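User: I'm new to this structure and would like to get to know it step by step. Could you walk me through it with some questions and answers?

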Amino acid sequence: MADRPVPVVEKRLMDVKLGELGSWLGGRDFTPNGIISAVRRGHDRYYNKYINVKKGGIGGVAMLLVGYMAMSYLW
Amino acid sequence: MTLSFFDQFMSPTYLGIPLMALALTLPWVLYPTPSARWLNNRFLALQGWFINRFTQQLLLPLSLGGHKWAALLTSLMIFLITINMLGLLPYTFTPTTQLSLNLGLAVPLWLATVLIGMRNQPTHALGHLLPEGTPGPLIPVLIIIETISLFIRPLALGVRLTANLTAGHLLIQLIATAAFVLLPLMPVVAILTSTVLVLLTLLEVAVAMIQAYVFVLLLSLYLQENV
């Protein structure tokens, strides 16, 4: 099963064990460029899954707006 | 009690980041860029259709020199209409209720139209200060009046947008509070108030779109006179 050990930092968040969380967070790129590229990746994932589809409905934009409302409530 | 009604217009901050920043950048996220494909998704098709129709309608009365302003006017319209409509969602913040933002949009753009007119065709631009066919004795008074109206335009543009949106939001909050308070006391009156609230919300949706449109339309009108 474990063919070759992968460095902790390169694992996805769901694969990181709880004990390794500290070192995972410490190794991530928190420079402005890193943050911008992370936001870009997140946006692309959401966009390609929910909006950039052949028969997209109102759901993709609606989820975004509800999230925005929720964040405004908390702010 | 009255003071708390105006809390919705104060820009809240969290960890030093104002909600205004989120509200101002959200329109950018909501309008994706077309990819290199010929057929994009439905969302982009709708968006492209709307923007093309709007730009075509806006540029009809403008001469060739005004076509340079197409990108600016269209993006301004999209920006304002998105911000106004997003502000109708509960708990959100509407940046256009702040006079600073509206004047900051209105004054430079209006000034640009005036300066373009003065620089390229000063006689024609100054000629706008006197309508044709004025009787002789009225001329001095009318010139003063037209000059005042010229200088009041940016103020009118900014304040119109601010006042309309602020008044709408305030009315919604007042009537909603009234309906909510009346519910345990007089349910029938509360239902009537709720009906008023529904109608008012529909009006607000319309006002949000119309105000953005009026802003851009007037700006294009000032441009048309001067270009």
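Predicted model: local features only at pLDDT ≥ 70, side-chain atom pairs only at ≥ 80, totals over all residues.

User: Is T74(B) buried or exposed?

Analyst: The cut-off to keep in mind is that buried means under 20% relative accessible area. T74(B) has a relative accessible area of 7%, so T74(B) is buried.

User: Thanks! And what is the relative accessibility of N84(B)?

Analyst: N84(B) also has its place in helix 4 of chain B. Not counting residues up to four places away in sequence, N84(B) touches T94(B), T96(B), L161(B), L165(B), A208(B) and A212(B). N84(B) counts as buried, because its relative accessibility is 0%.

User: Let's turn to the two chains together. How much area do chain B and chain A bury between them?

Analyst: Happy to! The size of an interface is often given as the accessible area lost when the parts come together. Here 23 residues of chain B are in contact with 17 residues of chain A. Carbon and sulfur atoms account for 72% of the buried area, and the two chains bury about 1800 Å² between them.

User: How many residue pairs are in polar contact across the interface of chain B and chain A?

Analyst: Let's take the salt bridges too: the count between chain B and chain A is 0. For polar contacts, with both residues at pLDDT 80 or more, the number of residue pairs is 3.

User: Which helix gives the largest share of the side of chain B that touches chain A?

Analyst: Strand 1 (13–14), strand 2 (17–18), helix 2 (19–30) and helix 3 (42–59) of chain B each supply at least two residues of that side. By class, the side has 18 nonpolar, 4 polar and 1 charged residues. The largest share, 6 residues, comes from helix 2 of chain B.

User: One last thing: how far apart are the end C-alpha atoms over residues 56–74 of chain A?

Analyst: UniProt, in an unreviewed entry, lists residues 56–74 of chain A as "transmembrane region". Over these residues the chain is 84% helix and 0% strand, and the distance between the end C-alpha atoms is 29 Å.

Key. Residues numbered from 1 in each chain as written. Chains lettered and ligands numbered in written order. Heavy atoms only, no water. Contact = heavy atoms within 4.5 Å. Buried area = accessible area lost by both parts, 1.4 Å probe. Salt bridge = Lys/Arg side-chain N within 4 Å of Asp/Glu carboxyl O. Polar contact = N/O pair within 3.5 Å; in protein donor to acceptor, adjacent residues only side chain to side chain. Helix = DSSP H or I, 4+ residues; strand = E, 2+ residues; numbered from the N terminus. Nonpolar A, V, L, I, M, F, W, Y, C, P; charged D, E, K, R; others polar. UniProt positions renumbered as here; feature names shortened; annotations may be inferred. Buried < 20%, exposed > 50% of the residue type's maximum accessible area, 1.4 Å probe, protein only.
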